[in-house]
Amino acid sequence: MNEIFESRASFSYAFEGSSDVNAAILGSSLSSLSSVVDRLVSEGENGKEYSLKVTATRKGSFVVDLSLMVVAAQQLIPVIQGAGTIISITKGILDIKKALKGEKPKDVVKNESENVIEITSPDGSHLVVPAGSDVVFRDPKIDRDISAFAHAVYLHNKNGGLRLTTPEGTYSYGNEDVQAMMIPQEFVEFSDQDFENSIRVTLPVHTVALKGHASWKFTYAGRTITAKIADTKFLNSVHSGGNAFKAGDMLDVLLNVKTKQSNDGRVIGESHQILRVFQVIQQSSML
């Protein structure tokens, strides 16, 4: 079953110096930020919609409202990035470019339990940013867009900086920081990574394996998957004729999902296993 996930958040940025901003510079800064958001917004299985609305609160200062809507399978809603997360990641990218000045980091460690990235710069200093901010290391377009945004700030005032306000607080970036953000980031090669997660979901049944431990077929996240069932009590009931299935029947299960991601963030492998079956939901019971 698909549901609509909606999220809204806002941030503002202010150019230092003259309160009159050249239209071309303002347009470049907004276009660059819009492009970054477009790359960062998580895509649901059936599509996404988002909008950026800009309001000038005073000369040289602009509030950007991000409204995000994703149509996705119900079980994916908890892991979809909300608008606030997108803003946090954007700030994290700015902080990475400020700290590294285009150089390759000495070390990048993903702290899954804290949902952050721990970065060691070439000079040994440490930086902690939200998980996902490391996308700047593997997505040249995001890097170019952030550099273009910083360049727009620099063109407005070559001796000034930027003030950014997010839901977490207000942050100031000086002239040297802005110039550091303008430098292209050196690409970082990551090794493939494995991720594992178990979630409780309801899966429509496509194909039943009536013997042994062969894989079943289900609909999950808008596509057909195969999954073996580890719940022997449930399997014994099926094999002995205790459960008869027909089109439209579903299983309420604990699903284990294992994914492998390449160094550029692409999913290059995925496997599924049902650890436990809580309930068989027959079509007739839903009428």
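Which residue in S5 does asparagine 111 stand opposite? In this predicted model, the residue facing asparagine 111 is valine 116 of S5.

The protein as a whole contains 5 helices and 13 strands. Of its 287 residues, 41% are buried.

Returning to the opening pair, strand S4 spans residues 107-111 and strand S5 spans residues 116-120, and the two are joined by 5 bridges in the antiparallel sense. Besides the pairing of asparagine 111 with valine 116, aspartate 107 has threonine 120 of S5 as its bridge partner. The hairpin made by S4 and S5 has 4 residues between the strands. One of the residues in the loop between S4 and S5 is asparagine 115, and its backbone deserves a look: asparagine 115 has a positive phi of about 60 degrees, although it is not a glycine. Asparagine 115 counts as exposed because its relative accessibility is 52%, where the cut-off for exposed is over 50%.

On its other pairing, S5 meets S6, again in the antiparallel sense and again over 5 bridges. Here isoleucine 119 stands opposite leucine 127 in S6. The hairpin of S5 and S6 has 5 residues between the strands, and glycine 124 within this hairpin adopts a positive phi near 95 degrees.

Taken together, these strands form an open sheet of 3 strands in the order S4-S5-S6, with antiparallel pairing. S4 and S6 (126-130) are the edge strands; each has a single partner strand, so one side of each is left without a neighbour in the sheet. From one strand to the next, the twist averages 20 degrees. Strands of a sheet pair through backbone hydrogen bonds, either parallel or antiparallel. Helix H2, residues 83-100, lies across S5 and S6 and runs at about 160 degrees to S6.

The buried residues of H4 are Asn175, Asp177, Val178, Ala180 and Met181. Their cover includes H2 and H3, together with strand S7 (162-166) and strand S8 (169-173).

The packing of H3 against H4 can be described in more detail. H3 and H4 (residues 175-182) pack at an angle of about 145 degrees, and their axes lie 7 Å apart. The crossing of H3 past H4 is left-handed. From H3, the residues involved are Ile146, Ser147, Ala150, His151, Val153 and Tyr154; from H4, they are Asn175, Val178, Gln179, Met181 and Met182. Sorted by class, this contact consists of 7 nonpolar and 4 polar residues, with no charged ones. An α-helix has 3.6 residues a turn, so residues three or four places apart point the same way.

Histidine 156 is buried because its relative accessible area is 14%, under the 20% cut-off.

Two further residues complete the picture. Aspartate 252 belongs to strand S12, residues 250-261, and its relative accessibility of 9% is why aspartate 252 counts as buried. Leaving out residues up to four places away in sequence, aspartate 252 touches Arg200, Val201 and Thr202, as well as Arg276, Val277, Phe278, Gln279 and Ile281. Alanine 221 sits in the loop between strand S10 (216-220) and strand S11 (223-229). Like asparagine 115, alanine 221 is a non-glycine residue with a positive phi, in this case about 55 degrees.

Notes
Residues are numbered from 1 along each chain as its sequence is written. This is a predicted model: local features need pLDDT of at least 70, side-chain atom pairs count only at pLDDT 80 or more; totals for chains, interfaces and linings use all residues. Side-chain values use heavy atoms; hydrogens and water are left out. Buried means under 20% relative accessible area, exposed over 50%, partly exposed in between (1.4 Å probe, protein chains only). Two strands pair if DSSP finds at least two bridges between them. Axes are lines fitted to C-alpha atoms, for helices over the stretch in contact, and angles run from 0 to 180 degrees between N-to-C directions. A crossing is left-handed if the near helix is turned anticlockwise from the far one by less than a right angle, and right-handed if clockwise. Contact means heavy atoms within 4.5 Å. Ala, Val, Leu, Ile, Met, Phe, Trp, Tyr, Cys and Pro count as nonpolar, Asp, Glu, Lys and Arg as charged, and the others, Gly among them, as polar.
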